[in-house]
Amino acid sequence: MMNKTNHIKLVFDKATTRLAYYPYGKEVYEQQVKPNIDFSNDITYIEFPDQIVKAASSFVQGFFEDIISNIGYEAIEKKIVILSKNESLKSSIKTNLIF
Amino acid sequence: MDCKSIVTKNSFNLNNNIYKKHVKLENGAIYININDTEFNNSMISKIIKCINHAHKKYSFSRLPIYFVFQEAKLEDKLSYTIFECICKSLIENYGHKLNFCYNFEHNIITKGILSSPLLLLSCNDKKTNQKNQKFLEKFNFDIYRNHYRKVLKYDEYNSEKLSEIYDDVFNFQKSFNINYECIDKIAEVVVELICNAIEHSCSDCLLDIDLAPNYINNKTGERCCGINITVLNISDKLLGDGIKEKINNYNYMEDKSKQRYPKVKEAYDFHKKCFSEEYDEVDFYNISAFQHKISGRKDNYSTGGTGLTLLIKSIEERADSHTCYVITGDRIIALLPEYLTYDENNWLGFNDFNDYFKHIPSQEIINRSNFFFPGTAYNLNFVMKVNNDEQN
């Protein structure tokens, strides 16, 4: 049986390379992710644009709060895949979620 | 940014006799003479008391004030930054014209005094009106060479604009050839402190960073650079207030993790048995504000706590030397790397046992301020090794 997936491409101001602030993380989630995410899917791909190199803990917490409330910390690694050409971004999100 | 409360919150317990000798009226101006040789928390306290004494004695007249300092060694960046805030209030709220006679000794962690707005108030400059106006302008904004300073207005920065500051702080440090990972972490620490100030206290935030390049470490002979940072906000809400409120109104139904917040209460129940004059409930909630996944943010239980101490510790460990502390209300919390290790469950004991639940913090961590700071202010001084010979 095929995995059910969806793919969400995030959009930010071109000049922004680093993300911070809990309310801003929530806002991006509410505006760009929430309308498109289906937690019953097996995998959701969330793609950050190439210019984004880092996300501070506050942004990550705001962005993932609703996701954690819905599927819990444990399922995040299986069900949410962050797509970015920057390893530093993927690593900052992972570290800030675990820590 | 309303700095008036730094003066007004410290207007009690004035012993006029003690400060009489420091405050004089001469030729229609108030002279405040400070003879201390170290510009630190204690000196700030004395300055505030002198100001309050002068206000009481001269009935809030708008007389010019001359601050006359003898030769004094600046101890850290935050002390003179708080003095800048006091000067702002005296000009803006009390209508004084200020003059500043000084002879300060500075070093790698206090070299930022050379780009401080205080220098605009110099006694040598007789154009009092202009220099006081210039002081206020520079207090709010100054980006030039080694100095980055901004007052971030709550209304303007309660948004995605904080990501711009994150970029700015990173890029500002880039040309000084400091290790990439360090400047990356410093930028994150700075932006998280600002985010906390703006989000939790709903107040403006002052950020001041100066870089002091071209120093040599006497022990290693290597080139090094001072990275000196203050982040402060003025607010009725102090560092531990949000956590205290949240623990006191803990909502078991809303907390899906059902683990961390009840543990803080468990720790509190132990700590309260050890409360004394030196360590009390305020200190407990202050250190609890630094715990992993504990946040004063309302309606949030699943995330929160930004791992700031871990970041600060990792920068301190890479630094040749460091002075990091936070002042909130009349409390000072020293951020010493030896006490910033999380246990296996990510709790921070701030003690030799690394145990948040059965031991109170080390005496080295908890200190009292000589004056009440109405808000939260961080002093972060790092001396970092420089990568190569190229330096600004």
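In the predicted model, Asp168(B) is partly exposed, with a relative accessible area of 28%. The residue forms a salt bridge with Lys150(B), in which the closest N and O atoms are 3.5 Å apart. Because Lys150(B) belongs to strand β7 (residues 147–152) of chain B and Asp168(B) to helix α7 of chain B, the pair ties together parts that are 18 residues apart in sequence. Lys150(B) is buried, with a relative accessible area of 13%, and this value falls under the 20% limit for that class.

A second salt bridge within chain B joins Glu222(B) to Lys385(B), with 4.0 Å between the closest N and O atoms. This pair links distant parts of the chain, 163 residues apart: Glu222(B) is placed in the loop between β8 (205–216) and β9 (223–234), and Lys385(B) in strand β11. Glu222(B) is partly exposed, at a relative accessible area of 33%. Lys385(B) likewise counts as partly exposed, at 41% relative accessibility.

A contact between the chains is provided by Arg18(A) and Asp184(B), whose side chains meet in a salt bridge of 2.6 Å, N to O. The pair crosses from strand β2 (residues 18–19) of chain A, which holds Arg18(A), to helix α8 (residues 180–201) of chain B, which holds Asp184(B). Arg18(A) counts as buried, at 2% relative accessibility, and Asp184(B) is buried with a relative accessible area of 9%. Both residues also take part in a network of salt bridges that links Arg18(A), Lys54(A), Asp167(B), Asp184(B) and Glu188(B). Over all chains, the count comes to 29 salt bridges.

Residues of both chains also contribute to a patch of negative charge on the surface, where Asp13(A), Glu27(A), Glu160(B) and Glu164(B) gather. Of these, Glu164(B) is located in helix α7 (residues 161–174) of chain B, the helix that also contains Asp168(B). Glu164(B) counts as partly exposed, at 40% relative accessibility.

Helix α11 (residues 281–288) of chain B is largely enclosed by the rest of the structure, because six of its eight residues are buried. The buried residues are Asp283(B), Phe284(B), Tyr285(B), Asn286(B), Ile287(B) and Ser288(B). Their cover includes helices α9 (241–248) and α10 (260–271) together with strands β10 and β11, which belong to chain B.

Although not a glycine, Asn346(B) has a positive phi of about 65°. Most residues other than glycine have a negative phi. Asn354(B), found in the loop between β10 and β11 of chain B, likewise has a positive phi, of about 55°, although it is not a glycine. Asn346(B) is partly exposed, with a relative accessible area of 22%, and Asn354(B) counts as partly exposed at 24%.

His22(B) counts as buried, at 6% relative accessibility. When residues up to four places away in sequence are not counted, His22(B) touches Tyr31(B), Ile32(B), Asn33(B), Asn35(B), Lys46(B) and Cys50(B).

Technical notes. Residues are numbered from 1 along each chain as its sequence is written. Chains are lettered from A and ligands numbered from 1 in the order in which they are written. This is a predicted model: local features need pLDDT of at least 70, side-chain atom pairs count only at pLDDT 80 or more; totals for chains, interfaces and linings use all residues. Side-chain values use heavy atoms; hydrogens and water are left out. Patches are made of residues with over 30% relative accessible area and no salt bridge: like charges are joined within 9 Å, nonpolar side chains (Val, Leu, Ile, Met, Phe, Trp, Tyr) within 5 Å. Accessible areas come from the Shrake-Rupley method with a 1.4 Å probe; for residues, only the protein chains shown count as cover. Lys and Arg count as positive and Asp and Glu as negative; His and the chain ends are not counted. The place of a charge is taken as NZ of Lys, CZ of Arg, CG of Asp or CD of Glu. Helices (H or I, at least four residues) and strands (E, at least two) are DSSP runs, numbered from the N terminus. Buried means under 20% relative accessible area, exposed over 50%, partly exposed in between (1.4 Å probe, protein chains only). Contact means heavy atoms within 4.5 Å.
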